[in-house]
Structure formats: C-alpha cells, structure tokens
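I opened the file to look up the ligand site, the cavities, the aromatic pairs and the backbone. My entries follow in the order I made them.

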Amino acid sequence: MLPLANKRIILGITGGIAAYKCAELTRGFVKAGADVKIVMTKSAEEFVTPLTLQALSGNRVHQNLLDIEAEAAMGHIELARWADIIIIAPATANFIARAAQGKAEDLLTTILLATPSLIAIAPAMNVEMWTDKQTQTNVEILRKRDVIVLGPSSGSQACGDVGLGRMLEPELIIDSVTQSFQTDILTGRKILITGGPTREAIDPVRYISNHSSGKMAYALASEAVNAGAEVLLVSGPVMETVPERVTCLKVTSADEMLHLVLSRMQDVDIFIGVAAIADYRPAKEEKQKIKKHKNQIDLTLIKNPDIISEVASLPNRPYIVGFAAETENILENGIEKLTRKNLDLLFANDATETFGSDVVASTAIFADANFTIKSGKKSAVARHMLQIIASKLPAN
Ligand code: C5P
C-alpha cells in the first residue's frame, strides 16, 4: 500500500522563492497516494502559477477567502475539516508572524484557525530573518499550539547568504508527513473495539436495530493501528471497509457480541465500546416469518446485556472507554453513564450530528474532569481521542 494512501493533505503555499519546490512536493504527495488540495496566498502566485499546481494535484487550487464560487463548492470551514494534515511550505517569516497572532485575514490563516487537523510548517527565509528574535518567538508560539516545525535546513540561500533558512527538501517533508501518521503512542498495546449496531431478530427476515454506521469505531481502529497498537474490532453489520492490519470479527446480535468479547479479553490493555448495542431484543425469535394478516401484533422486548459493564466487572479489567450519543444534557448524561457503568473515560457525542456523519463533536469525560474535543472529521477526532487515552494509561 502507498505510504499516504487515503490521506488528505492541504498544501498551503506562501510567497517565498522556495515556492518553486512546491511543484515537486505536490507531485511527491500525489505519488505517495495522498489526495492533495492546494491553498495559495496572493504573494505565492508571484512565484508559482495556480495552473501548474492544479495540473499536478488534480484538484482546483483555492486562493481567496471571499470567493462565492469556491465557497459554494467547498467552504473554508469544510476545507479545514477535510484535511488530515495541513502543511505550509514554504512558510515565510511574514506568514509565521500572522499565524502566531491568530489572524484570519486570508484563506490560509483562516483555515489554520478552523482546522482540528495536524498542522506542519516548513519555514523558508533568509538566515537573519530566521534567527531574528521575533521570528523565533513566533515559531515558539506555534510549537506551543502543537504545530510541527519541519526544518529549516542549512546551506546556500537564494539571496547569496549561507546558513539556516532553506526550506527542507521535498522528499524530507514527505517523509516527515508520512511519519506523523505513524506515531507510536500505542506500541505494545492490545485494544479491543466494539463498533456498529447490533441486529435483534424478530423472525427470519425482520430485526430491530439502529442507525449506527460504524464509522467512529472503524476510524479508531485504523488510527490505533497507525499508532502501533494490535487491534481487534468486533463489529456489528456495517458497510465500512476493514482497515489494513485490523483483525475484524463480525457479529449480528448483542448476545453474540458479548460472548465474542468475553472470549477475547485475554491480555487486552484497552477496551473501547463504540458499538450502539440495541437496548432490547424480542423475548422470542419466531422460527417462521410472521404473517401480516392481523391489524396489530404484540412484541415483548427484554433487556440486552450491557457489554461494557460486564467488561468493567472483570477481575484485571483493562482501561475502559465508553461512548455515549446524547441528544440533550450531554455532560450530565455522560457523567451519569461513566459512573453507573464504572468506566475510566467516556466520549459523549452530540447524537443529532454523529450518526452516519463523517464529522463529530465530542466531550471527553473523566471522573474528575471533562473537556471538549475540537470537532472535525472522525479520523482526526479519533487520533485526538487515542492521544487522550494513551496519555492516561499506566506505563507498560
Ligand atoms: O447505549 P448507551 O448510551 O448506554 O451506551 C454507552 C456505552 O455503553 C457505549 O460505550 C456502548 O458501547 C456501551 N453499551 C454496551 N452494552 C449495551 C449498551 C451500551 O456495551 N447493551
């Protein structure tokens, strides 16, 4: 598989002479399997043409914040959420200063503020400008905001000076971006994730279920593997493709899910219950299809087992993470569930927007704290969730 397959990259280009290297950078990203969208500042266009970058990326180039046509196709907030990573190369001293101040005066700076994704910059400028105290302060501010700073490297510069300030070569930038998707925060950890809905049979052709798409569980499984974990996904019926290197076992009903989960708990370090398990099932599954000649039928429902609570009551229980889709009083309901089910952490999502959607807004709830996670694409949110989980685990 290509190293950046399925990855979405926004390449932001600002106005420095190193912008000419962006053609090669774009080609490299595309060759590595990424879907690349280019955002250019006005001054970048003095150095390289949008047409070149459009041809190389295969996507239309985004230039203006206030462009009715571009906003109708993909608005700036949508663009900010679309990316897995935003890389600014070259990042000029002026751009770094504007980003450090949190300005939102053009498309690129606005996207930086609006994105939940990883941000990386590849500074490129004259050596004196790079070593200037103000530039260094600005870079430090960005680092504190978790912006990855790639380079600069040292050597002869376009202005004739020699020293630090050259943009990192495209192949090194591509390597760094690839590595940023493969952080090892969960190396050596075994994770069991439940996902998707369950189906509770009424008769051979009918069942009770819910709208869960499995997208969050599959995004977590994919990101957990990227973070070095061994992942077992126990999934109800969904349309999602099983991510590379994830072991996936399919089940249908809550009872099947419970038995499979309990039989696979050996050596599990982290249990993440994302599945939307049907709360009730028909007391009796009819052997033959129920005929529809009556105007009314009665269906008796009985409560399904609570899988996550059963896992929480095991001796040597793993670190347990629950999910709750709530439509109101998200925090209060989340805290109640965390306590009642005896969980270590619970992510409470807004159910009005989460089911089937590619984006999600979530609140992380612990016994003694809670905080809102930046909303965004499920893959970016999943990465953030795993960082939170990894930071809470006892050392292995
Ligand atoms: O459905 P509910 O809001 O109670 O789900 C909260 C958490 O409990 C989720 O992590 C879900 O996967 C888990 N759960 C479970 N077994 C059930 C119901 C929910 O493991 N029967």
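I began with the lining of the largest cavity, which divides into four nonpolar, five polar and two charged residues. I count Ala, Val, Leu, Ile, Met, Phe, Trp, Tyr, Cys and Pro as nonpolar, Asp, Glu, Lys and Arg as charged, and the others, Gly among them, as polar. This is a predicted model, where local features need pLDDT of at least 70, side-chain atom pairs count only at pLDDT 80 or more, and totals for chains, interfaces and linings use all residues. Residues are numbered from 1 along each chain as its sequence is written, and side-chain values use heavy atoms, with hydrogens and water left out.

Cavity. I found one cavity of 30 Å³ or more in the structure, and the largest has a volume of about 40 Å³. A cavity here is a set of points on a 1 Å grid over the protein atoms alone where a 1.4 Å probe fits but cannot get out, and lining residues have an atom within 4 Å of a point. The volume is the space filled by probe spheres set on the points, which are joined across faces, edges and corners. Eleven residues line the largest cavity, and His 62, Asn 64, Ala 70, Glu 71 and Leu 107 lie nearest its centre. Helix 3 (68-73) and helix 4 (76-82) each supply at least two residues of this lining; helices (H or I, at least four residues) and strands (E, at least two) are DSSP runs numbered from the N terminus.

Ligand. I listed the residues around the ligand (a heavy atom within 4 Å); they include Gly 273, Asp 306, Phe 323 and Lys 341. The shell divides into seven nonpolar, two polar and three charged residues. For polar contacts I took pairs of N or O atoms within 3.5 Å. A ligand oxygen is 2.4 Å from a side-chain N or O atom of Lys 337, and a ligand nitrogen is 2.8 Å from a polar backbone atom of Pro 305.

Aromatics. My search of the whole structure gave one aromatic pair. The ring centres of Phe 323 and Phe 347 are 5.5 Å apart and the planes stand at 45°, so I logged the pair as tilted. Pairing needs centres within 6.5 Å; planes under 30 degrees apart count as stacked, over 60 as edge-to-face and the rest as tilted.

Backbone. I noted a cis peptide bond from Ala 89 to Pro 90, with omega near -5°; Pro 90 lies in strand 3 (residues 85-91).

Technical notes. Polar contact = N/O pair within 3.5 Å; in protein donor to acceptor, adjacent residues only side chain to side chain. 1 Å grid on protein atoms, 1.4 Å probe; cavity = no way out; pocket = protein on both sides within 12 Å on 5 of 7 lines; lining within 4 Å. Phe/Tyr/Trp six-rings, centres within 6.5 Å; stacked < 30°, edge-to-face > 60°.
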